Amino acid sequence: METKRIPIYSILDDHEAVEEAAALLRAGGLVAIPTETVYGLAANAYDGQAVSKIFEAKGRPMDNPLIVHISEFDMLPDLVEDIPEEALELARLYWPGPLTIILQKSDKIPDQVSAGLPTVAVRMPANTVARGIIGACGFPLAAPSANRSGSPSPTTAAHVLQDMDGRIDGVVVSGNAQVGVESTVLSLAGLSEGKRPLLLRPGAVTPQMLRAAVGEIDIDPAVLRQLEDGRQAPSPGMKYKHYAPKAQVVLVEGDGEQYRNYVNRQAAPGVCALCFEEDGQGLSLPAVTYGRAADPDSEARALFDALRRLDEAGYVTAYAHAPAKDGVGLAVYNRLVRAAAFQVVRLAEEQEQGPAYGTQNSAGNGAGGEPGSKAGNVSGNGADGGSSGGPSKSSSREPSGGPSNGPGRGPENEPGNSSGKGSGDRPESKTGEEG
């Protein structure tokens, strides 16, 4: 299959190219489109056969639901059974932007989109090229990230072509994603049963921003832990190892000095640091940076490109400095802990317990809660709450009035109980690639 390159930087100046992309989608094809979060692999959301091609091209498990993208709010009623007041308020504040809302689906949504679930995930991207293409199609687009499943998400058209050239009908060549991590996913599906809104995937619309719109929310334990065995993922980005390069990633929690001291002990051929810009000095091994420690927005923008650069440089193992787990930092941590297959070194605990303490694979189950900051080596299952402190000198800046990047209004729990063991500095391997 020849993959067409379709340059679109303005829906007004590049009208013919917009129509070319829309024509491919109307014919049941797959086209990678830009959004403010990451590039998405789009198909007609009403065409189950076209949507099935997404799973084939990505190598994506069929039980992993997709997000439906709309260009205007008037498209939403056809997709869902009901629109609660909470959804209206969220849309008023954060659409267009990097927020996905899960509601009970209508009969128009094929099972291929919802993975057989009774719900559908919907968002309105802030990227004007994406909305222009959807508007030209005249129907909503189902679109996961435009990469091979399990690998780092694409934030540029070049990333898409690395994974998808020859596998899909077209790639819209446009600007880089300005947010850099996928959208926040909030489920309102349980409101009719008296349940609170449930955060399933963190993103640029932070828990604090969600509470400003709908009051208290719960945070799914799978935000920072493995999904419980036998549970179907209600949202993308929750299953298996995900967002991962070929290099083995180990997530390291601790302040800058702790991190540098630990990583320097791991120096060996094929080993590097995946760290903040501030960490570079004092390291005795190569470094790939992903933003600044006190600027989680910069971390989000740089993360997936940094993960891809690990493989381009041929590194075998990367020790990643963990971000703070609040604000947008929670989204960055969520992606990194999955890229690391839940292999985490907690240096605050190692310092308290002595050098024999190694790594944990976070796999406990518990009730949703707020990410914490207290370190603790806890085994077994229970409620969220106690956690491993992130970098002690990192902070997260909370956006005011919604995300500010990109066109339009916006840019596209800590595991309290963990089971796992380790000794020394090397983590145990963890398998489970998202297909």
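Let me start with a cut-off: a residue is buried when its relative accessible area is under 20%. Keep that in mind, and keep in mind that this is a predicted model.

First up, Ala115. At 13% relative accessibility, Ala115 falls under that 20% cut-off, so we call this residue buried. Where is Ala115? It lies in the loop that runs between helix 4 (111-114) and strand 6 (119-123). Now look at the backbone. Phi of Ala115 is near 55 degrees, which is a positive value, and this residue is not glycine. For background, most residues other than glycine have a negative phi.

Next, Ala341. Here too phi is near 55 degrees, positive in a residue other than glycine. Ala341 sits in the loop between helix 10 (328-339) and strand 16 (343-346). Buried or exposed? Ala341 is buried, because its relative accessible area is 2%, under the 20% limit.

Staying with the backbone, go to Trp95 and Pro96. The peptide bond joining them is cis, with omega at about -10 degrees. Pro96 is part of the loop between helix 3 (85-94) and strand 5 (99-104). Again for background, most peptide bonds are trans.

Last stop, Asn44. This residue belongs to strand 3, residues 40-44. With a relative accessibility of 12%, Asn44 counts as buried. What does the Asn44 side chain reach? It reaches the backbone nitrogen of Tyr46, at 2.9 Å. And who are the neighbours? Leaving out residues up to four places away in sequence, Asn44 touches Leu25, Val51, Phe139, Pro140 and Leu141.

Technical notes
Residues numbered from 1 in each chain as written. Predicted model: local features only at pLDDT ≥ 70, side-chain atom pairs only at ≥ 80, totals over all residues. Heavy atoms only, no water. Helix = DSSP H or I, 4+ residues; strand = E, 2+ residues; numbered from the N terminus. Buried < 20%, exposed > 50% of the residue type's maximum accessible area, 1.4 Å probe, protein only. Polar contact = N/O pair within 3.5 Å; in protein donor to acceptor, adjacent residues only side chain to side chain. Contact = heavy atoms within 4.5 Å.
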